[in-house]
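Biologist: Hi! Could you walk me through this one?
Modeller: Happy to, here it is.

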Amino acid sequence: MSNQKKRNFQIEAFKHRVVVDPKYADKTWQILERAIHQIYNQDASGLSFEELYRNAYNMVLHKFGDKLYTGFIATMTAHLKDKSKLIEAAQGGSFLEELNKKWNEHNKALEMIRDILMYMDRTYIESTKKPHVHPMGLSLWRDNVVHSPKIHSRLLNTLLDLVHKERTGEVIDRGLVRNVTKMFMDLGESVYQDDFEKPFLDASSEFYKVESQEFIESCDCGDYLKKAEKRLTEEIDRVGHYLDAKSEDKITSVVEKEMIANHMQRLVLMENSGLVTMLLNDKYEDLGRMYNLFRRVTNGLATVRDVMTSHLREMGKQLVTDPEKSKDPVEFVQRLLDERDKYDKITSTAFGNDKTFQNASNSSFEYFINLNARSPEFISLFVDDKLRKGLKGIADADVEVVLDKVMMLFRYLQEKDVFEKYYKQHLAKRLLSGKTVSDDAEKSLIVKLKTECGYQFTSKLEGMFTDMKTSEDTMRGFYGSHPELSEGPTLIVQVLTTGSWPTQPAVPCNLPAEVSVLCEKFRSYYLGTHTGRRLSWQTNMGTADIKAIFGKGQKHELNVSTFQMCVLMLFNNSDRLSYKEIEQATEIPAPDLKRCLQSLACVKGKNVIKKEPMSKDIGEEDLFCVNDKFTSKFYKVKIGTVVAQKETEPEKQETRQRVEEDRKPQIEAAIVRIMKSRKILDHNNIIAEVTKQLQPRFLANPTEIKKRIESLIERDFLERDNTDRKLYRYLA
């Protein structure tokens with residue numbers, strides 16, 4: 001490396017001193033000041049902006065930036081004070097016009113002055129951290145014009161007065177107001193907010209407070225909501241025309257608070273026009289308007305929802321607990337469906353399919369449908385009515401709609417197993433009597449039930465259809481092996497699997513000899529082809545077609561029950577029979593026999609036998625004979641059995657008892673499943689878990705659960721803990 005010494009270089013100052021004219025700054029400033037005066041007096045056409053820029057540039061270069069800056073402020077301030085006086089002098093409507101005019105002039109002048117002082121803006125102002133020319137010009141306008149004591153309050157009052165006039169229906173110069181509010185915005189967000197927006201919002205609040213009070217005293221709820229909606233639209237429109245976009249949320253909040261939030265309860269509960277009236281009279285448009293307005297305010301929709309829920313529950317309670325309305329099950333269910341359709345339409349049309357309203361509606365229906373213990377039975381009867389005759393001639397798509405509506409009501413039921421019991425009974429009667437309108441509809445409903453509740457729920461129902469199909473094949477085989485039976489009475493047997501069909505006690509009945517022979521032949525055939533099976537005849541579930549010839553030779557084919565056939569066939573050998581003789585010959589139980597005779601003798605147009613004495617009820621001393629004068633315009637006459645469509649009280653108790661018995665193994669199975677997985681569990685948790693697990697089928701009674709636990713302890717499935725008696729252990 002070189003050992004040379006490092007040399008230090010030094011730059012010396014320029015020896016020749018530049019001498020500046022002592023009056024240079026004053027002279028140059030005078031030129032610039034004169035130019036600013038000319039600009040403000042709108043006489044700038046003769047100015048050389050290049051020369052003026054150079055003068056300003058040189059002043060800054062020669063360290064006279066401060067003089068230039070303070071001079072520019074003083075000159076501009078003087079001009080603005082003059083302009084302020086001219087604006088103050090303006091009278092009436094010309095005040096805003098004069099302000100707008102002077103503001104535009106000041107902006108043009110400021111642009112030119114900024115161009116001249118551009119070098120000062122970039123260097124001197126940057127280094128001294130003083131306000132730039134343009135912001136300074138705006139601040140001077142604010143301080144000397146807008147905040148001038150004689151302009152400040154007058155300007156605000158003029159603007160608020162114009163807004164008030166527009167709200168009361170007068171036409172104003174929106175363009176002029178827009179220019180003035182834009183001036184506030186240009187002067188800075190805080191100026192716009194403090195000098196205009198806050199007072200504007202306060203005045204608006206007072207205006208709508210008074211107006212809403214006037215409206216609510218004089219209008220019904222629907223009209224009031226229309227006015228509130230109109231006011232909101234107007235304010236949003238006003239913001240778009242001459243206010244800052246950020247003001248929209250603030251002014252709409254004012255309108256919402258004064259016109260809606262402060263009157264929510266009164267509007268919703270308004271007599272003869274509030275929410276309940278709208279719901280009762282299907283005022284979908286008004287309901288939609290209420291929803292859209294109330295959703296804007298805190299707790300608005302909750303208020304609407306609570307009142308709707310309360311009304312729906314009260315209305316539903318009256319509907320399901322009114323004894324008059326419960327007389328006809330089909331009408332009862334139809335009313336429920338109509339209400340459900342109505343509230344679905346309200347939710348979709350007026351409430352924008354709001355899930356919270358759908359849930360409120362669903363919970364209300366679930367609440368009141370389960371207030372009537374017979375709802376499961378009535379829904380099954382409704383289905384029965386529809387599938388017997390109500391869906392005849394209806395398109396498949398419409399059938400699906402009806403079934404879907406039924407399923408909707410079914411979902412609300414807490415005791416779905418009770419529905420299953422009744423549905424099974426009604427389905428059995430439809431299948432055995434051949435009265436179902438459509439097998440497809442029947443199967444479609446079973447698929448829906450299966451989807452909803454699982455395979456277990458419908459397995460027996462599906463078994464019933466399987467039996468019907470198998471029975472057809474069995475009958476073909478029977479007649480194929482007995483060709484000699486083609487002449488004479490025809491027997492059609494449905495072989496029902498005991499577990500799949502509703503349990504029916506075997507009712508005794510002596511069949512006519514002609515039929516009895518056929519039954520025995522079928523029994524021999526069936527047991528010959530199926531080993532290990534037993535057959536028991538359910539005569540109470542059968543029907544018969546018999547041909548009858550009356551007095552003057554008139555022929556009819558009578559469609560009757562098996563019991564009715566047994567009674568009528570007795571008259572082939574006797575002209576007159578007493579009640580006791582019929583009872584003895586047929587061995588039909590007394591209640592069934594009385595209903596049977598009542599339908600044959602007491603129903604007008606179907607009275608194929610006569611009764612003495614003639615009365616509506618059957619007595620044990622009554623006498624019966626064939627009605628030779630019976631006539632009907634139809635060849636085929638169907639004679640139904642007089643039977644109540646709904647269950648009688650004893651039948652109802654019996655069904656309820658069967659349901660309770662069926663629930664016991666289900667509750668026990670649930671307890672065992674839970675304990676098997678949890679091993680140890682306390683009493684309250686078992687109750688909660690079992691209730692939850694069985695909820696899709698029925699609402700388990702805690703007392704019954706407790707009994708089932710005791711039963712399982714006795715049978716060594718569970719044991720109590722030695723120290724804590726409320727704790728149970730699972731025994732493998």
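Modeller: One thing before we start: domain bounds come from an automatic or database domain assignment. Also, this is a predicted model.
Biologist: Good to know. Which domains does the assignment give for the chain?
Modeller: Domain 1 (22-145), domain 2 (149-298), domain 3 (304-466), domain 4 (468-529), domain 5 (543-638) and domain 6 (652-730).
Biologist: And how far apart are the C-alpha centres of domain 3 and domain 5?
Modeller: Those centres are 38 Å apart.
Biologist: Let's switch to helices. At what angle do α15 and α16 pack?
Modeller: Helix α15 (residues 284-294) packs at about 140 degrees to helix α16 (residues 300-321), and their axes are 8 Å apart. Only angles over 145 degrees count as roughly antiparallel, so α15 and α16 are oblique to each other.
Biologist: Which residues make that contact?
Modeller: From α15 there are Met290, Tyr291 and Phe294, and from α16 Gly300, Leu301 and Val304. By class, the α15 and α16 contact has five nonpolar residues, one polar and no charged ones.
Biologist: What about the largest nonpolar core, how many residues has it?
Modeller: That core has 82 residues, and Leu275, Met290, Phe294, Tyr423 and Leu449 have the most contacts inside it. Domain 2 (149-298) and domain 3 (304-466) both give residues to this core, so it lies between them.
Biologist: Back to Met290, what does it touch beyond four places away in sequence?
Modeller: Met290 touches Cys221, Leu225, Val268, Leu275, Met278 and Val304.
Biologist: How many residues are in the other core?
Modeller: There are 63 in that core, which lies apart from the largest one, and they include Val146, Val163, Met183 and Val191.
Biologist: Great, thanks!

Note on methods: Residues numbered from 1 in each chain as written. Predicted model: local features only at pLDDT ≥ 70, side-chain atom pairs only at ≥ 80, totals over all residues. Heavy atoms only, no water. Axes fitted to C-alpha atoms, helices over the stretch in contact; angles between N-to-C directions. Helix = DSSP H or I, 4+ residues; strand = E, 2+ residues; numbered from the N terminus. Parallel < 35°, antiparallel > 145°, perpendicular 65-115°, else oblique. Contact = heavy atoms within 4.5 Å. Nonpolar A, V, L, I, M, F, W, Y, C, P; charged D, E, K, R; others polar. Core = buried A, V, L, I, M, F, W, Y, C linked by side-chain atoms within 4.5 Å. Buried < 20%, exposed > 50% of the residue type's maximum accessible area, 1.4 Å probe, protein only.
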